[in-house]
Structure formats: C-alpha cells, structure tokens
Amino acid sequence: MKRSLLVVGVFGLCWIGAIWYWRSTTRMPDTGDLALAMLVMPLTLIMGFVLARKTFAGSDAARAQAPAGPELKPGQGSQGAAEAGGSAAAPDAAAPWMQFAVAGTALRMAHGDSPAELAAAFAEGEARLDLDPELTDLQGFPLLAGRVADIALGPLEEWLSTLQPAPRTPSAQHLRAMALGGDIAASLAERAAEGGSESVLQLLPLLPQDWPATTQVLTTRWLEHSVIEAGWPQERLVVRQPAAAAHASSTSMPPAPATPLAALRAVSAQAAGANAPAFNLLLACGSDIDADAIEHLAVNGKLYGPRNPNGRMPAEGAAGILLQLSKDAGDEMRLLALHAKENATLRELAEEVLVQANGEQPAYVAADTDHRAALMSDLMQCVEAAVPGLDANTSLACVGAACGHTGAVGTLAAIALAHEQAADSSGFALALANSDPTQRYALLVGPLPAPASKAPSLS
C-alpha cells in the first residue's frame, strides 16, 4: 500500500506541476513536453528514490552488524562464527548422524505458548485457523490466519531505543516476530544455564530469507541480547550470522545454515570435532500478521483464497530446540536418527529412521505439513504405511495446516511436539518435514534403545 501511494503521489505531483507551469506561461505543450512531464520525470524520481533507499539500507546493515573478526571464539557473540562454524559450513550429507540429547524445547504459536499447550490443542481438536479480526484480503474479505495473542513488544522497543547509531525501525510484522523470538531465546537460555554455564552455547537463528538484511542483522543481535539477559554468560556464547546478515556486513564469516535440515546436518558434522559446543540452540521466528505483509502476498499471488487454494495462510510464531551433546547429557530424549534424501518419498524416509526403533512403533507423529492437498496426501500415505494403526485424530499433528504458514518455525515446532510426546510416553515419536520439497526429512525422537546392529546414519 505504501509503495502504491508513493507511485501515485509522484505521478500526481509531476502532472499537477506541469499543468500549472503550462497554464501560467500560456504555453501549448507538444508531444515531447507531454512525454517528459507525464512519464520521464516521475519515473526518474521514483527510480532515484529506490536506488537511494537501497544505498542507505546497505549502510544501515553495516552499522547494525557489530565488527567481526576472522576467527570465532566464545564470547564474540554475533561478531564471529568461523572456528565453530567452519566444519559445519559445508557438512557432508552422508556423514554419520551424531545423536543429540534434547535439553529443552519451546514455542509460541497460534494455538499454544508451549509444546504441551499446542499438543493439547491438537488432541482436543481445537488446533484450527479462525478468521482474523483485523486482516482482510484486497477485496475486503476476512482471512484465515494464525495470530499469536498477547505479544509483549515493550522490552524489544526499549532495547531498540538504546542502540547507537539508531537503526531503522523494523516493520510491524518483523517487530512481532522478533518479540516472539526473544521469548524463545530467553526460555531456552535459562534451560541451558541450568545445565551449567561453563560450557559453550551456539545460537543458530533460522530467519526468513526474504527479510531485509538489516532486519536479519537486528534480529540476530536481539536474540543474542535475549540469551545474555536470561543469564547465559556472554563469553560462553557463540552466534552464527544468517547468510544475508553476513553478506551485508561484508565479512568472511561462514553464515549460519538457512534451513532446519541444513542446521541439523551442520551441528551433527560439527559435533564430531574436538571443539564442538556443548549446546546448540536452533531458533526460528516469523510473522505475516500485518496489512502490508498481506498485500505483498496477494500482489505476488501467494495468499490463500478461493482462487489460489495452494497459497499461504498468514500466520506467525517462534520455536526453538536446545540440543546437547550426548556425552554431556543424562536421561533426556534423543534425536536418534535423521534421514533426508531429495528423491525419496516421505514414506521411505520414515521407514529408514524407524530402523533405529528396533521394531517399536512411534506413538506420535508431528509434521510441518500444511493445507496443500498434495502434501497432505504424501503425509497420509507415509503414516498409513510406516506407522499402521496410528490414530490420526489424536496422535497426528499437522502444524502447517493447523497454525498457518510459518516456514522454519513450523518445522522446529514439529520437532518440539514430537519431543513432548516422546517424553510423556517414554517411547518414540516421529517428526516429519515435507512443506518444502527440497527439505524433506524424517527424524526419530525417543530414549536410547537397546544396542542395534545397524548404526544410525545421516543421508
């Protein structure tokens, strides 16, 4: 809407100015004058504004990013990600999967502020999208949306006001996502501190790749601040920068993985090293709950509606998982096996990881699957074949279909749900991802089983 008003305003001012000039000088404009005043001049002004905005955005990103050195050490925070991230920059997809203990999970989504609340909403049949009281499409009709209630923006706005030089204020949707992400970062940092702050905690933010670079930089700094404020020592904190943030800051640091699957593979490859951090915090946040965001989705043909049944249902949320090296953990649930293969069906991926369950069936399946018919069919075929007899009404959670499109948030939320149910039942649970065809995987969550003949693998 703002861009449309800008274009209309520039053209209107140019036309009014030209007409006033011709009338005051009693001059009859020719074809060249009309083309210059009515088309060339407003287009030139608009292009100049766009170029200037991009130029200043790049400088804002550089200011928002703290100076970074070429080497990562605990305590550098968002300034580094080299040594600990070097081995994970290009992890071998066929490397053995390193089993992690799940030290904690947290989420805030439309139907729950914790994995337990969201699981209860699924079990009671209350996890479904409703018409949003504020959002409408371009025709003025209300939209199905996954809005999170009671987002506290005060601490975030107070922190932003202390930054020097003052950064450009993020949009409303980005502020909501940042506030949700800060809640998750603080919650899981407290969990990590309970396990001992003498270890190193690595923070891997998984931010939407279509966010502006300046916003990704600012969000990463806010998440770092939230972790420190929650009690984790800054000198024991390592923060991996998103790819866009690393590019904007013109550093040689290896960027953080862009997707949950890439992040899981990266920390697994990194865990084999001698200097692997004891804790890895994978955190995602996002929001489309804003009028400008809805307009952007609609204009680009991405908004769900009667004429676009495969479009996105706008939503927001944040989710995170805190992983601990198995050698440092106790009896916590483990991420036992991860299997991902681009050309494999979801059923084949699930059957591969279930080998590690030694014949036991998972009691719960959580997936990031959304409302699209093809993805839902893929999931149901997988469940019927790999987990026969599973009660889809009480033991199957489709996060994307119930909570709306949240990208990486939904994927991490599925892992959090699987962990919650595995811990409750002291058995196995399955986390599946198929909302992005290039990032499909199956992940087995549960207690350490009896020794099996076949070692877990990541492929």
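Predicted model: local features only at pLDDT ≥ 70, side-chain atom pairs only at ≥ 80, totals over all residues.
Q: Where does Pro165 lie?
A: Pro165 is in the loop between α5 and α6. Residues are numbered from 1 along each chain as its sequence is written, and side-chain values use heavy atoms, leaving out hydrogens and water.

Q: What makes the peptide bond from Gln164 to Pro165 stand out?
A: It's cis, with omega near -5°. Most peptide bonds are trans, and most residues other than glycine have a negative phi.

Q: What is the phi of Asp150, and why is this residue called exposed?
A: Asp150 has a positive phi of about 60°, even though it is not a glycine. You'll find Asp150 in the loop between β3 (142–145) and α5. Its relative accessible area is 73%, and exposed means over 50%, buried under 20% and partly exposed in between (1.4 Å probe, protein chains only). So Asp150 is exposed.

Q: Why is Asn358 called partly exposed?
A: Its relative accessible area is 39%, so Asn358 is partly exposed. Asn358 is another residue with a positive phi, about 55°, although it is not a glycine. Its place is the loop between α11 (346–353) and β9 (364–367).

Q: How do you know that the buried residues of α5 sit on the same side?
A: In helix α5 (residues 154–161), the buried ones are Leu156, Trp159 and Leu160. They cover an arc of only 100° around the axis, so they share one side of α5; the arc is taken from the directions from the helix axis to the C-beta atoms. An α-helix has 3.6 residues a turn, so residues three or four places apart point the same way. The face turned away from the buried side of α5 carries the exposed residues Glu158 and Ser161.

Q: Which helices do the buried residues of α5 pack against?
A: They pack against α6 (172–194) and α7 (213–229).

Q: What makes α5 roughly perpendicular to α7?
A: Their packing angle is about 110°, and the axes are 12 Å apart. Axes are lines fitted to C-alpha atoms, for helices over the stretch in contact, and angles run from 0 to 180 degrees between N-to-C directions. Under 35 degrees counts as roughly parallel, over 145 as roughly antiparallel, 65 to 115 as roughly perpendicular and the rest as oblique. That's why α5 is called roughly perpendicular to α7. Contact (heavy atoms within 4.5 Å) is made by Pro155, Leu156, Trp159 and Leu160 of α5 and Leu218, Arg221, Trp222 and His225 of α7.

Q: Why is Cys398 called buried, and what about Cys403?
A: Cys398 has 11% relative accessibility, so it counts as buried. Cys403 is buried too, with a relative accessible area of 1%.

Q: How many disulfides are there?
A: A disulfide is a pair of cysteine sulfur atoms within 2.5 Å. By this rule, the count is 0.

Q: Why does Leu13 count as exposed?
A: At 65% relative accessibility, Leu13 counts as exposed. Leu13 belongs to helix α1 (residues 2–24).

Q: How many helices and strands does the protein chain have?
A: The chain has 14 helices and 12 strands. Of its 459 residues, 50% are buried.

Definitions and conventions:
Helix = DSSP H or I, 4+ residues; strand = E, 2+ residues; numbered from the N terminus.
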